Every structure is written in structure tokens, then in C-alpha cells.
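Here are some questions and answers on salt bridges and helix packing. The sequence and structure come first.

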Amino acid sequence: MPRPARPDRPARLAPPAWLTAGLKPAPTPVPWAAVVRASVAMSAPLAVGLAVGQPQYGALVSMGALSGVIGDTADAYRMRIFNIAVPQLFGALGVTLGALVYGQGWFAVGVLTLVALVSGMISSIGAVASVSGLLLLLNAVVGAGLPMPGPWWKAPLLLTVGGLFVLLLTLLGWPLRRAAPERAAVAGTYRAVAALYEATGDPGAYDARRQAVTTSLNQSYDLVLARRTRQHGRAPQLVRLLAQLNVLVPLLEAAPAAHLRARLVGPLPPAIPAAVRELADAVEEGRTGTPVLDLPAPERPAEKAVDHALRHAATVVHEAEPDPYNVDDRLGRPAALRVRARRAARAVLLSEASWRYGLRLALCIGLAQAFVSLIPVPRSYWVALTVTFVLKPDFGSVFSRAVLRALGTAAGLVLAALVLAEVPRGWWDVPVMAVLAALVPAFLAKGYAFQTAAITPVILLLSDMLNHQGFDLVLPRLYDSLIGCAIALVAGYLLWPESWHTRIGDRLADAVADTAAYVRCAFSGEGDRVARHRARRKLYRDLSTVRSEFQRALTEPPPTGPRAAAWSPLLVAVERIVDATTAARIRVDHGAPTPDPAEVTAVERELRELADGLRSSENLFEVHTELPGDENGVLAPLRQEVRAARAIAGPDLR
């Protein structure tokens with residue numbers, strides 16, 4: 001007798017993907033050097049403070065060291081000096097202002113609100129300014145919420161000493177590894193290019209490798225050009241690295257043509273990516289001499305472009321002393337300091353985004369301070385600290401951060417409760433801090449929830465050395481975190497209409513319009529080779545920024561997250577259009593017939609219409625376009641990619 005069919009079980013409830021994404025640790029390696037450095041930098045001051053009978057002084061120095069550990073995110077030593085030292089000055093200013101208004105009631109509320117406005121506005125300038133703004137506000141909140149040792153200059157001095165101690169430990173390897181980070185970055189870019197050539201012919205793998213190359217190239221240029229000086233001859237190592245980096249441009253331009261060739265004919269010979277990997281090893285080891293390349297004879301235009309670019313790269317990589325005045329750094333060299341300062345001032349004072357974020361942060365900090373002034377909350381500085389971290393603009397989605405902050409704080413409080421309940425105060429704090437501090441750099445790159453879980457017990461242990469509350473401060477800190485998350489969600493997210501509407505459509509529209517201009521530049525004769533290189537580099541960098549915005553939008557709740565997911569295929573299509581344009585230009589440079597100007601104009605027109613459509617609507621609609629032209633010409637693959645982009649349609653999310 002057959003068994004009766006079982007009724008369908010109801011689907012198990014599960015949290016949405018946009019929320020659980022932050023709970024998955026990022027697959028990043030553990031930075032063991034940073035782990036050891038953080039452990040020493042934050043435990044040694046406690047030992048010194050206990051030895052001299054001033055544990056609160058050691059706690060303040062360790063707090064400053066924590067700021068230095070968080071800010072040490074660069075690779076090159078010169079950039080690390082800037083990233084650690086500059087924020088410490090803002091942190092010292094913040095704790096000074098906070099200590100001056102400690103116990104001043106509503107006057108303190110007004111001062112911290114104004115500090116929050118300034119902090120939010122300067123955070124829009126760049127990465128260093130963002131960390132500086134963060135420390136300015138965080139230390140001001142701590143200074144206004146905790147009693148600091150007098151006189152007024154002692155607390156900022158001790159915090160600054162802690163940050164400079166981290167900087168000193170960081171610079172110990174500079175004499176031996178002066179240019180090692182830059183050299184490793186350039187070699188890593190060569191390996192990324194080798195992986196790109198290995199992926200030619202496979203559209204999915206090729207797109208992923210191309211994105212990795214763009215990220216690696218951006219990082220390498222940022223590292224090398226940050227140290228580039230106008231007196232070329234004084235930095236021969238950097239001149240050589242920049243020459244090795246610039247010579248990758250022809251290889252990158254030939255990659256789309258090689259990809260098209262691999263799709264039509266078959267995979268590239270393994271000798272080509274192997275040769276690029278050999279160049280990566282030569283860069284990393286600093287080899288010189290005469291290169292030996294065993295490459296197959298090229299036949300097609302794409303093969304000739306790759307062969308020519310690879311042989312030229314091999315010559316430059318093995319060149320001991322390239323001519324410093326023949327190294328073109330116009331592809332991304334930083335502007336003069338005066339120009340950058342003027343741009344930064346304009347970005348702070350005249351930018352709508354700067355004022356918008358500053359006002360949001362000031363509103364939330366003002367509400368947090370007003371709340372704890374009206375309702376007695378013990379050691380209430382934690383509410384404003386939570387608001388500051390949740391509203392940090394470059395940490396991701398505010399909504400997701402609020403949830404992850406609550407979860408991370410809860411996990412960190414469990415660890416802190418064990419420490420405060422079981423470990424006696426005194427010299428046992430030193431080994432405990434050595435272990436807890438080591439977790440901070442290990443978890444920083446794993447995700448926001450993991451970062452919060454690592455930092456929370458460190459701050460609580462240091463706070464206990466200043467206020468001596470012990471285990472009694474654990475539950476109040478959880479309540480404070482929940483209050484801060486609620487304030488950030490309501491006043492910093494729900495009350496602002498922009499939270500419910502993504503601006504990635506406008507940014508993507510700008511990228512499509514720039515792609516249309518790149519098509520015209522590639523075939524109309526309006527720019528020389530260097531101009532095309534610069535246009536292409538800028539376009540890929542902008543697309544990388546747009547992709548980062550997409551990744552951030554995917555963590556937002558509906559409708560922003562689903563809309564970003566619906567538009568993601570169009571971003572991939574635009575990247576393929578840029579590749580197809582570059583491939584066509586390379587084929588023309590190596591003997592293929594020049595396309596009809598009418599075909600170029602038609603492609604440019606379709607792209608501009610696509611850009612206009614993205615600006616006028618938040619929904620994607622399918623558009624069928626003919627784009628007639630020579631089906632055997634160099635623009636045939638480009639027209640195919642444009643048709644595919646125009647045919648992409650997303651769900652109606654109105």
C-alpha cells in the first residue's frame with residue numbers, strides 16, 4: 001500500500017542575505033606582524049603604568065595605541081607615517097575639547113554636536129581625513145564622558161604618545177624594507193595580469209580577473225605615486241618601479257583583444273601567462289640583465305599586440321636604471337599640495353554630500369548627548385561612541401552596521417565579562433591586554449561585526465582602569481550600544497529620504513557617458529596614445545568605485561539592495577564594452593582596417609541614450625537596437641556588447 005504523500009513543509013524562516021552577509025568572515029590572511037605590534041603597543045604601556053604606580057596613565061597611552069592600530073591600514077612606510085601621525089593630532093584636539101566640557105551639562109551637548117558636524121564634514125575628503133574625523137569625535141566623546149587626569153594637557157599628551165609608539169614599532173623595519181611594500185605591490189599586479197591572460201576565453205573568469213587587476217593596479221599606482229617626487233633622480237628605486245608599472249599598460253590594453261581571440265580561436269599558449277609570471281618574479285627580486293623570452297610566433301593582430309607588449313615589458317623590467325626623465329607619470333601622479341588643499345577645502349565647504357553627512361552625524365550625536373543628559377545613564381559616553389561607529393561613512397550600510405554593531409558588542413561583552421569577573425586587576429591586566437589587543441588587527445579585515453567584537457573588550461578593560469566599575473559596567477554598555485544603534489537607525493537612517501533611494505544609478509550613468517566619450521576618443525583621432533591611456537585608466541578606476549558602491553548597496557534593506565542587485569549585470573556589461581573598445585583599438589593599431597566613422601557615431605549615440613535613460617528612471621527597461629555595420633569589422637564585438645547592455649532589464653521596483 002503506497003504511503004500517503006507528506007504535506008509540504010513550510011519554508012524555514014531565515015534572515016535575508018543582505019543582513020547575513022556581514023556575519024561571514026572575509027577570507028583575508030592574518031597580518032601576523034600587525035598582530036605582534038598591536039600586542040606589544042597596547043600591553044607595554046600598561047606594564048609601565050603599573051610599574052610607576054600610575055595605571056590610569058598606562059591606560060590612556062594604550063587608548064592612543066589602539067587608535068594607531070586601527071589607523072595603520074597602509075602598506076608603504078611613508079603613507080603609514082601619514083596615516084598614523086595625522087589622526088593622532090586630531091585625536092589629541094578631540095580629547096582636549098571633551099575634557100574642557102566634562103560635567104558642563106548642556107554646554108557639553110552643544111560642543112560635542114559642533115564637533116560632530118566638523119568631524120562628519122572633514123570625513124568626506126579621503127581615507128586619512130576620515131580616520132582623523134573619527135578620532136576627533138571619538139576622543140571628544142571620551143574626554144567629555146570620563147574623568148581625565150589633570151592638568152588639561154596630560155590626557156592628549158598620553159594619547160599621542162600611544163599613537164606614536166605604534167608608529168615607532170611600525171617604522172622599525174623601514175631601513176631594511178624601504179621599498180619592499182611598493183615592489184611587492186607592483187609584482188602582485190604583474191601576477192594579477194598573468195591570471196587575467198590565463199582566464200582569456202572564459203567570460204566569467206575573465207571578468208573577475210579583470211576586476212582584480214583594476215584593484216591591484218589602483219593600489220600599486222597609489223603606493224608608488226604617493227612617494228613620487230619631482231626630483232626624479234633622487235629616487236631611482238621608485239623611478240624603476242614606476243617604469244615597470246607603466247609598461248603594464250600595453251599588456252592590459254592587449255588583454256581584451258587576446259580574450260576575443262581566445263573565444264574565437266582557442267586558449268592562448270601557456271607560455272604567455274608564464275612569461276608574465278616570470279616578469280613578476282623579476283620585479284620582486286630586482287633582477288637586471290638581458291631577458292630571455294620563449295614565445296610562439298604571432299600571426300593575428302591580437303597575438304602581435306600581446307607579443308609586442310610582452311617583449312617591451314621584459315626589456316623595461318630588466319633595465320637597471322631607466323631614464324628618470326623618460327618615465328611618464330601622467331597616468332595618475334598626485335597633484336601639487338596646493339591644488340590638493342584647495343580641492344579638499346572645496347570638498348568640505350561646498351559639497352552637498354559633506355554637509356549632508358555632517359548634519360546627520362551632528363543630529364545623532366546631539367540626540368545621544370541630550371538623551372543621556374535627561375535620563376541618568378552611568379558612563380553614558382558609550383551611546384555617542386556607538387553612534388559614531390555606526391554612522392561612519394566608509395564602513396558600509398548604516399542599517400546593517402547598526403545590527404552588526406549590536407551583535408558584535410554582545411559578543412565582545414561576553415568576553416569582557418569573563419575577563420572582568422575572573423581576572424584580578426593589576427599585573428594580570430598586562431597579559432590579558434596582550435591577548436585581546438592581538439585580536440584587533442586579526443579581526444579588522446574580517447568584517448564589521450568581528451571588528452566590533454574585538455575592540456569592545458579592549459575599550460572596556462581600559463575604561464575600567466579609569467573608572468574602576470569592574471563587572472558592573474558590562475550590562476550598561478550593552479544597553480548603551482542598543483540605545484546608540486536605535487538613535488543611528490532612526491535619526492541617521494530612517495528620517496533621511498536618501499537612505500531609501502540609491503544614487504548608484506547616477507554614478508553608473510556617468511560611467512556610461514564616460515564610456516561613450518572613450519569610444520569617440522579611441523577612433524575619432526581626438527587624442528593621442530597617452531590621452532587614450534589616461535581616459536581608459538580613469539574609466540576603469542571610476543568603474544571600480546561604482547562597483548564598490550554596488551557592493552555597499554547590496555547590504556541595504558529593500559528597495560535599495562534588490563535594485564542594486566538588478567543593476568549589477570549592467571555594470572558588468574559596461575566593463576565589457578570598455579574591453580571591446582580597447583580590443584578594437586589594439587586590432588586597428590596592428591593592421592586591422594579602421595572602422596567607418598558612422599559606426600563609431602552610432603555606438604556612441606546608443607551609449608549616451610543609455611546614460612540618459614539611467615538618469616531619468618530607477619528601473620531598467622529592455623531596448624532592442626539594430627546597430628548595423630560590418631559584421632566582420634573590428635567593431636562587431638563592440639556592437640554586440642552594446643546590444644547586450646541595451647537589452648538588460650530589471651524588475652519593476654517602484
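**Salt bridges and helix packing**

Q: Is D281 buried, partly exposed or exposed in this predicted model?
A: D281 has a relative accessible area of 26%. Buried means under 20% and exposed means over 50%, so D281 is partly exposed.

Q: Which residue forms a salt bridge with D281?
A: The closest N and O atoms of the pair are 3.0 Å apart, within the 4 Å cut-off for a salt bridge. D281 lies in helix α12 and its partner in helix α8, so the pair ties together parts that are 90 residues apart in sequence. The partner of D281 is R191.

Q: How far apart are the closest N and O atoms of E284 and R191?
A: E284 lies in helix α12 and R191 in helix α8, so this pair ties together parts that are 93 residues apart in sequence. E284 is partly exposed at 37% relative accessibility, and R191 is partly exposed at 28%. The two form a salt bridge, with the closest N and O atoms at 2.7 Å.

Q: Are R261 and E303 buried or exposed?
A: R261 forms a salt bridge with E303, the closest N and O atoms being 2.9 Å apart. The pair links helix α11 to helix α13, 42 residues apart. Both R261 and E303 are buried.

Q: Is α5 roughly parallel or roughly antiparallel to α15?
A: Helix α5 (residues 106-122) and helix α15 (residues 352-374) pack at an angle of about 155 degrees, with axes 7 Å apart. Angles over 145 degrees count as roughly antiparallel, so α5 is to α15 roughly antiparallel.

Methods
Residues numbered from 1 in each chain as written. Predicted model: local features only at pLDDT ≥ 70, side-chain atom pairs only at ≥ 80, totals over all residues. Heavy atoms only, no water. Axes fitted to C-alpha atoms, helices over the stretch in contact; angles between N-to-C directions. Helix = DSSP H or I, 4+ residues; strand = E, 2+ residues; numbered from the N terminus. Parallel < 35°, antiparallel > 145°, perpendicular 65-115°, else oblique. Salt bridge = Lys/Arg side-chain N within 4 Å of Asp/Glu carboxyl O. Buried < 20%, exposed > 50% of the residue type's maximum accessible area, 1.4 Å probe, protein only.
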